[in-house]
Amino acid sequence: MIRQFIGYPLQFILLVIVQVLVLNNIQFSGYVNPFLYILFVLWLPIETPKWLVLLLSMALGLAVDVFSDTLGMHMSASIFLGFCRPYILNVLAPRDGYELNQKPSIQDLGFSWFVTYSSMCVLVHHVFLFFVEVFRFSEPFSTLGRSIASTVFTLILILITQFFYYNAEGRK
């Protein structure tokens with residue numbers, strides 16, 4: 001229990017620092033932007049109340065916006081992800097439902113479930129973020145292509161992080 005109270009704030013801070021100091025500086029010709037910070041919202045326990053998911057999503061997006069000087073783009077996209085997350089979890093729920101204290105992870109729910117879950121969440125976040133960024137629908141295919149390319153790159157980073165995190169957890 002105490003481990004969760006220490007672990008989640010530490011994950012929050014670490015993901016924001018990595019995003020702001022490292023990943024915001026990675027852009028492949030301005031087309032692919034990795035956003036690993038949303039992993040915090042993806043890793044929240046399944047039974048987390050919706051209001052808390054929205055509040056944490058807002059705080060996460062605001063923290064990235066403050067350090068990236070992006071005027072609320074990440075906050076709005078993170079809140080939208082927090083809003084969509086329960087619906088995505090409901091669509092992907094096993095027949096007998098989720099177990100108590102189950103986390104959305106490869107270790108708890110399997111590789112294919114986690115890839116489906118994270119790809120849906122990341123795509124929702126990225127499409128919203130990039131359309132808010134351009135703030136017009138005049139070039140939808142360019143924005144959609146950018147969203148999909150960034151989603152693929154972010155998913156690769158999420159899977160790498162997931163494997164490192166749970167390999168480190170397994171050794172403890």
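This is a predicted model: local features need pLDDT of at least 70, side-chain atom pairs count only at pLDDT 80 or more; totals for chains, interfaces and linings use all residues.
Buried means under 20% relative accessible area (1.4 Å probe, protein chains only). Helices are DSSP runs of H or I with at least four residues, numbered from the N terminus. H4 bends by about 35° at Cys84. The bend is the angle between axes fitted to the seven residues ending there and the seven starting there. A proline, Pro86, follows within four residues.

Residues are numbered from 1 along each chain, and side-chain values use heavy atoms, without hydrogens and water. Local features need pLDDT of at least 70 and side-chain atom pairs pLDDT 80 or more, while totals for chains, interfaces and linings use all residues.

The largest nonpolar core has 40 residues. Such a core is a set of buried Ala, Val, Leu, Ile, Met, Phe, Trp, Tyr and Cys residues joined through side-chain atoms within 4.5 Å. Leu42, Phe114 and Tyr117 have the most contacts inside this core. H6 gives the most to the core, with seven residues. Tyr117 touches Val41, Leu42, Arg85, Ile88, Leu89, Leu92 and Pro104, leaving out residues up to four places away in sequence. Contact means heavy atoms within 4.5 Å.

Ser118 lies in helix H6 (residues 111-134). Ser118 is buried, with a relative accessible area of 0%. Beyond its neighbours within four places in sequence, Ser118 is in contact with Leu42 and Leu155.

Definitions and conventions
Helices (H or I, at least four residues) and strands (E, at least two) are DSSP runs, numbered from the N terminus. Buried means under 20% relative accessible area, exposed over 50%, partly exposed in between (1.4 Å probe, protein chains only).
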